[in-house]
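Here are my notes on the model you sent. Please read them with the sequence and coordinates open.

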Amino acid sequence: MFTVNHLQRPDLLHAVSFSLQAGECLCISGESGSGKTLLLRALADLDPNQGEVLLNDRSREQYLADEWRARVTLVASDSQWWSDTLADHFQRVDYSLLAEFGFARSIMDRDVRQLSGGERQRLAIARAICIEPDVLLLDEPTANLDEKNTRRVEDILLHIAKDHVLGLVWVSHSQAQIRRVADKVCWMESGRLRAVNNA
């Protein structure tokens with residue numbers, strides 16, 4: 001469903017290749033500065049890069065930029081908010097999904113500045129899911145969450161991946177989390193993706 005061949009950026013990423021099937025979760029681990037975030041940004045085509053990336057047998061060059069980023073959506077480790085009101089950040093709101101994340105409908109009327117870091121992170125994940133992408137790129141999505149909400153987010157993401165046939169590329173430093181969520185695991189080192197292994 002999602003195929004990456006020799007993705008690279010000079011001196012930053014080195015011929016990264018892997019494939020992801022619908023419903024699968026690929027976890028990427030590695031030391032800070034190893035290139036994990038750079039890889040996710042390249043996959044989302046947010047930074048200049050070279051190589052072949054295919055989604056459902058179509059090259060990303062066949063997609064408009066906005067269409068590609070809606071199909072291959074990045075959830076950054078530090079969620080971005082550009083307006084005061086939360087509702088302004090959602091093109092479509094799935095209130096049943098928000099309830100799964102622990103939020104009432106009234107959350108949409110809140111000022112983003114009144115939300116905690118953990119609330120903003122959960123809402124950023126919900127916002128990305130509401131776009132209905134084919135691939136979700138997750139950069140330490142639970143780093144700012146307590147154990148209860150970490151498990152909640154893991155369960156939601158895995159359920160949606162299997163149910164809606166969504167692929168997950170999940171960067172995590174937590175080996176315990178990787179054991180819980182991964183179908184495949186790989187290690188990033190100095191811009192190189194080491195062998196992809198089944199979890």
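1. Basis. The model is predicted: local features need pLDDT of at least 70, side-chain atom pairs count only at pLDDT 80 or more, and totals for chains, interfaces and linings use all residues. Residues are numbered from 1 along each chain as its sequence is written, and side-chain values use heavy atoms, with hydrogens and water left out.

2. Helix α1. Helices here are DSSP runs of H or I with at least four residues, strands are runs of E with at least two, and both are numbered from the N terminus. In α1, residues 36-43, the buried positions are K36, L39, L40, A42 and L43. They lie on the same side of α1 because they cover an arc of only 160° around the axis, the arc being that of the directions from the helix axis to the C-beta atoms. An α-helix has 3.6 residues a turn, so residues three or four places apart point the same way. Buried stands for under 20% relative accessible area, exposed for over 50%, and partly exposed for the range in between (1.4 Å probe, protein chains only). After α1 comes D45, with a positive phi near 60°.

3. Cysteines. A disulfide is taken as a pair of cysteine sulfur atoms within 2.5 Å, and by this rule the count is zero. For C25, the closest cysteine sulfur is that of C27 at 4.0 Å, which is too far for a bond. For C130, the closest is that of C25 at 20 Å, again too far for a bond. C25 is buried at 1% relative accessible area, and C130 is buried at 6%.

4. S79. This residue sits in the loop between β6 (72-75) and α3 (95-100). S79 is buried, with a relative accessible area of 13%. Its side chain makes a polar contact with the side chain of W81 at 2.8 Å. Such a contact is a pair of N or O atoms within 3.5 Å; within protein, one must be able to donate a hydrogen and the other to accept it, and residues adjacent in sequence count only if both atoms are side-chain atoms. Leaving aside residues up to four places away in sequence, S79 touches R120, Q121 and A124, where contact means heavy atoms within 4.5 Å.

5. Salt bridges, count and a local pair. With a salt bridge defined as a side-chain nitrogen of Lys or Arg within 4 Å of a carboxyl oxygen of Asp or Glu, the count comes to 12. One of them joins the side chains of R60 and E61 (3.7 Å, N to O). R60 is buried at 7% relative accessibility, whereas E61 is exposed at 59%.

6. Salt bridge R71 to D134. These side chains meet at 2.5 Å, N to O. The pair links distant parts of the chain, 63 residues apart: R71 is in helix α2 (residues 65-71) and D134 in the loop between α4 (117-130) and β7 (135-139). R71 counts as partly exposed, at 23% relative accessibility.

7. Salt bridge R92 to E132. Here the N to O distance is 3.2 Å. R92 lies in the loop between β6 and α3 and E132 in the loop between α4 and β7, so the pair ties together parts 40 residues apart in sequence. R92 is partly exposed at 35%, and E132 is exposed at 51%. Elsewhere, salt bridges that share partners join R9, R41 and D47 into one network.
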